[in-house]
Amino acid sequence: MHKVAVLLCDGFADWEYALIGGTGGPFYGLEIQYVTLGAAYLTSQGGMKVEVDNTLADLARLRPLVIAVIGGTIWETDHAPEFSELLRHHHQDGGTVAGICGGTLALARAGLLDNCAHTSNAPAFLTDNAPSYSGQGHYLTQPAAVSDASVITAPGTAPVSFAAEVFRAAGLAAKAVMQFRTMLAAEHNTDITGRT
């Protein structure tokens, strides 16, 4: 079973993990584990209250192929959790690290964006919120997720391509990844009246 650890913190963005959890396990057979970055009881950005069983200390036991850091407004505050060493260690051991929206700040603070192609909400989002970040020359301004050197990044507006890249990194067959992307893109192949 291919494992993905989805890291959530209080105020996590509801739409950024939903496709990973909602389709990765039930439809594609991935083992999705949720991990809290702080308290076990969290409230999402949209007000959903959840209980998360696993903590950062459980990651060694879970042994995920991919660690996906989900965004939320906490990443732009002084209350953002710090676990750079864990992310660096996972990456150095051959695992994939992924961040979407505010989650890209965790990767930037860990130095994981300094030497690979990546994206985020905007270049200034990284420089303003991650003072040690020095990967400006590798930043790509684009609307979809970027995957390079076992690092996946995406703006908060790209949960579909982010999920697809996480699935690919977790070992999902290329045909299934393409099916997922095509299925989710279908609604955008119509005009505003719904005609194709």
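Colleague: How do β6 and strand β7 pair, and over how many bridges?
Modeller: β6 and β7 (residues 96–100) pair in the parallel sense over four bridges. Pairing here takes at least two DSSP bridges between the strands. Strands are DSSP E runs of at least two residues, helices H or I runs of at least four, numbered from the N terminus. This is a predicted model: local features need pLDDT of at least 70, side-chain atom pairs count only at pLDDT 80 or more, and totals for chains, interfaces and linings use all residues. Residues are numbered from 1 along each chain as its sequence is written, and side-chain values use heavy atoms, with hydrogens and water left out.

Colleague: Which way do the β6 side chains point, and are they buried or exposed?
Modeller: V66 and A68 point one way, I67 and V69 the other. All are buried, meaning under 20% relative accessible area with a 1.4 Å probe, protein chains only.

Colleague: New topic. How many cavities of 30 Å³ or more?
Modeller: One. About 40 Å³ of space lies in the largest cavity. A cavity is a set of points on a 1 Å grid over the protein atoms alone where a 1.4 Å probe fits but cannot get out. The volume is the space filled by probe spheres on the points, which are joined across faces, edges and corners.

Colleague: Which residues line the largest cavity?
Modeller: P81, E82, F83, S84, L87, A106 and R109, each with an atom within 4 Å of a point. Helices α3 and α4 (103–109) each give two or more residues to that lining.

Terms used: Buried means under 20% relative accessible area, exposed over 50%, partly exposed in between (1.4 Å probe, protein chains only). On a 1 Å grid over the protein atoms alone, a cavity is a set of points where a 1.4 Å probe fits but cannot get out, and a pocket is an open set with protein on both sides within 12 Å along at least five of seven lines; lining residues have an atom within 4 Å of a point.
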